[in-house]
Amino acid sequence: MKKLLRCTATLALLVAFVFSIARVVEATKPPDNRWLYGAAGYARALELQRELKVPLIVYFYTDWCPYCHTLDNEYLPASPVQEYLRSVVKVRINPEDSPDNRELAKQYRVRGYPTFLVIDGVNTPPRSVSPFRKNGPKWTPTQFVEACRQAGSLRAAAVATTPQSTPRLKVVEVARTANVSRPAVNDAPLPPVDAVLTKYVDATGGANLQNRVSSRVVKGKIDVAGVSFGGRFEVYATSAGKSLAVIDSEPAGLVKHCFDGRAVWFYSADGAQNMNTPELGVLAAADLYRESRLANMYARLKLLRKIKEGYRDVYEVEAAKSTGTPDKLYFDVESGLLLHRDLTRQTSRGPVRSQIYYGDWRKVDGVMLPFRLTQTILDRTFVITLDEIKLNAPVEDSVFQRPSR
């Protein structure tokens with residue numbers, strides 16, 4: 001199983017890098033405001049709503065929607081909205097990311113964006129709330145919050161109006177197909193964990209094809225939900241183990257993070273410096289094939305059960321380390337692809353729990369790769385969207401050269 005997960009090896013560098021900028025973002029984003037994401041996040045949101053007995057927010061959006069950008073940049077970061085969001089369970093869903101996301105949008109009868117739904121209880125109908133009005137000025141953040149609170153009351157009438165380009169969404173009760181308790185799907189015997197891992201390798205192109213990958217160049221954007229949007233990044237990795245991430249995103253600004261084959265260095269406006277903190281030390285092992293050595297990364301791998309997540313049957317795999325909390329890997333039973341993983345990273349602040357969701361899988365030269373990753377760290381949500389991936393592209397050694405200052 002030494003070739004497992006090669007297709008996400010380069011992205012491991014970017015995922016690890018997110019830990020290094022999370023501390024910068026932390027100072028600008030209020031606490032306790034984590035969004036869940038996508039169909040898998042929706043399933044978890046239903047669980048939390050039932051456990052906590054608070055309203056559920058289901059926010060449907062797209063990357064190209066200007067009203068969504070206004071909602072994200074002007075309303076969600078506003079203090080009264082942040083205060084309200086800390087008291088609810090919330091999930092963001094881009095219907096263009098996956099078939100499961102599109103199916104959720106269909107069930108909720110979404111016909112335009114943004115669609116911001118408030119659901120008071122498990123068995124109550126959703127109510128659409130929008131600060132954008134056909135006649136008159138748009139609502140203030142305070143007015144938007146008040147409308148959300150009214151919509152979250154069982155006694156409330158519909159209070160929403162919608163953008164000019166978005167038809168009004170009727171208040172309807174939606175059938176919930178996600179199983180909120182996530183029990184085992186059935187009592188049938190589980191396959192060996194090696195069979196699950198082998199299916200993943202085959203689903204992503206097979207070991208022989210992946211073995212021929214000598215370099216990977218990835219470019220895309222990184223958004224910090226409620227904080228900044230449109231940040232750009234580039235990631236370079238080679239079979240020699242060298243890797244570089246270049247990110248230009250607010251509030252961190254331009255940052256470079258590299259393992260040049262000998263040492264890890266970090267560059268920002270303050271200059272270049274060696275980094276030996278635990279979270280950055282992860283990069284030293286983030287070579288092109290790091291994820292393919294999954295069996296060697298953990299002391300024990302065990303297939304725990306088959307569960308239901310949204311509309312999928314999912315294998316839950318426990319990946320135990322020699323010490324600390326085990327990681328969890330979740331594989332789609334039908335496709336074999338990795339849906340998400342829960343892991344613990346050692347940082348300068350101590351152990352930090354994180355969740356990474358993989359979506360929008362596409363073939364690149366025969367290798368299946370996720371073009372969207374969503375990671376939650378320290379109650380922050382980072383949405384990583386890939387624009388292009390080039391395999392076996394020439395990467396000069398000068399790319400990994402440390403800046404002079």
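The model is predicted, so local features need pLDDT of at least 70 and side-chain atom pairs count only at pLDDT 80 or more, while totals for chains, interfaces and linings use all residues. Residues are numbered from 1 along each chain as its sequence is written, and side-chain values use heavy atoms, with hydrogens and water left out.

Five strands form an open sheet in the order E1-E3-E2-E4-E5, with mixed pairing. Strands E1 (36-37) and E5 (127-128) stand at the edges with a single partner strand each, so one side of each lacks a neighbour in the sheet. Strands here are DSSP runs of E with at least two residues, and helices are runs of H or I with at least four; two strands pair if DSSP finds at least two bridges between them. Strand E2 (residues 56-60) runs antiparallel to strand E4 (residues 115-119), and five bridges join them. Phe60 has Thr115 in E4 as its bridge partner.

Helix H2 (residues 38-52) packs at an angle of about 55° against helix H5 (residues 99-107), with the axes 7 Å apart. In this contact (heavy atoms within 4.5 Å), Gly38, Ala39 and Tyr42 of H2 meet Asp100, Asn101 and Leu104 of H5.

The largest nonpolar core has 45 residues, of which Val58, Phe60, Phe116 and Phe144 touch the most other members. Such a core is a set of buried Ala, Val, Leu, Ile, Met, Phe, Trp, Tyr and Cys residues joined through side-chain atoms within 4.5 Å, where buried means under 20% relative accessible area (1.4 Å probe, protein chains only). A second, separate core of 40 residues includes Val196, Val218, Tyr358 and Phe382.

Notes
Axes fitted to C-alpha atoms, helices over the stretch in contact; angles between N-to-C directions. Buried < 20%, exposed > 50% of the residue type's maximum accessible area, 1.4 Å probe, protein only.
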